[in-house]
Amino acid sequence: MYRIASCALFLVSLAGCVKPYVVIDGKAVPRAQLGYTDHNYFAINHKSAYPEHRGPSSGLRAYGGSIGGRICGVDVVYDTYHQGRHLNVVGFVGRASPIDTISTTNLIAYLQVRDRWSLDGGMRDFTGAVGRTQVGLDPTSTVVDFTLSPGLLRGRIGRRYFNLRANGDSYVGQVSLFSGVYAFELKGRSRLWSMPAADQAAVLPLMMTCVDISNPNAGKPILTVDLDPAAKS
């Protein structure tokens, strides 16, 4: 835990001195400002993002920007860093507050993302842990260990085990919870792959374990996540 906390503090301090541009092929290119929302459960801003869409294992070594916002009733503050063969997403999560500030009770989140070759066109592995809260998250575990590819999403997020396959612009299949096995759909597959890996890492663990925050005492799991509702309107 001390190592993770030290890494988080290092990345937060790095964000304060990052240049507003990067040099690519000898030219200064402004860093990007990105944003994603489903107009319901999540809205995040990715500031000072690396201006090229680079995979987490592309060999890039650079600061990847900061991510902040609210995802399923949880405030998030992350910093991201490309480290050659993997990407680190490190920061804090906490119960949503009336103002957009981080409190002293926030918990550390640490995620590492890697790409690897496979017969179906490449796999992206997400591992780490996301601090739990009583609102918007399965409170029984913080573990993140799942694989994403254009054809599947499979693995563990908290106490939920996913086995989803691509079907049109969705991933569909099953999620296993302590209370049983349920049908699950993640909509907006193309939108997901338009996101940088850091934004995938920020959004997916929280949204895939989201509960009905309008009635948190019931703890009803959300079994349909839509990353691109605007495309259906």
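The points below are grouped by topic. The model is predicted. The second largest pocket holds about 190 Å³ of space. Strand S13 pairs in the antiparallel sense with strand S12 and also with strand S14. The count of aromatic pairs comes to 2.

**The second largest pocket**

- The space in the second largest pocket is about 190 Å³, and 18 residues line this pocket.
- Closest to the centre of the pocket are Leu34, Tyr50, Glu52, His53 and Pro196.
- Two or more lining residues come from each of strand S3 (32-37), strand S4 (42-49), strand S6 (74-83) and helix H3 (197-208).
- Strand S3 gives the most to the lining, with 3 residues.
- Sorted by class, the lining consists of 10 nonpolar, 6 polar and 2 charged residues.

- Strand S12 covers residues 160-167 and strand S13 covers residues 170-177; the two pair in the antiparallel sense over 7 bridges.
- Within this pairing, Ala166 has Tyr171 in S13 as its bridge partner.
- The hairpin of S12 and S13 has 2 residues between the strands, and Gly168 in this hairpin takes a positive phi near 65°.
- On to the next strand, S13 pairs with S14 (residues 180-187) over 8 bridges, in the antiparallel sense.
- Here Val172 has Glu185 in S14 as its bridge partner.
- The hairpin that joins S13 to S14 runs through 2 residues.

**Aromatic rings**

- There are 2 aromatic pairs.
- Phe126 and Phe146 form a stacked pair, because their ring centres are 4.6 Å apart and their planes lie at 5°, where under 30 degrees counts as stacked.
- Phe126 belongs to strand S9 (residues 123-130) and Phe146 to strand S10 (residues 143-149), so this pair links distant parts of the chain, 20 residues apart.
- Phe126 and Phe146 are both buried.
- Phe162 and Phe184 form an edge-to-face pair, because their ring centres are 5.1 Å apart and their planes lie at 80°, where over 60 counts as edge-to-face.
- With Phe162 in strand S12 and Phe184 in strand S14, the pair ties together parts that are 22 residues apart in sequence.
- Phe162 and Phe184 are buried.

**A charge over a ring**

- Arg189 places its charged end over the ring of Tyr171, 5.8 Å from the ring centre.
- Tyr171 is also the bridge partner of Ala166.

Note on methods
Residues numbered from 1 in each chain as written. Predicted model: local features only at pLDDT ≥ 70, side-chain atom pairs only at ≥ 80, totals over all residues. Heavy atoms only, no water. 1 Å grid on protein atoms, 1.4 Å probe; cavity = no way out; pocket = protein on both sides within 12 Å on 5 of 7 lines; lining within 4 Å. Points joined across faces, edges and corners; volume = space filled by probe spheres on them. Helix = DSSP H or I, 4+ residues; strand = E, 2+ residues; numbered from the N terminus. Nonpolar A, V, L, I, M, F, W, Y, C, P; charged D, E, K, R; others polar. Pairing = 2+ DSSP bridges. Phe/Tyr/Trp six-rings, centres within 6.5 Å; stacked < 30°, edge-to-face > 60°. Buried < 20%, exposed > 50% of the residue type's maximum accessible area, 1.4 Å probe, protein only. Lys NZ or Arg CZ within 6 Å of the ring centre and 35° of its normal.
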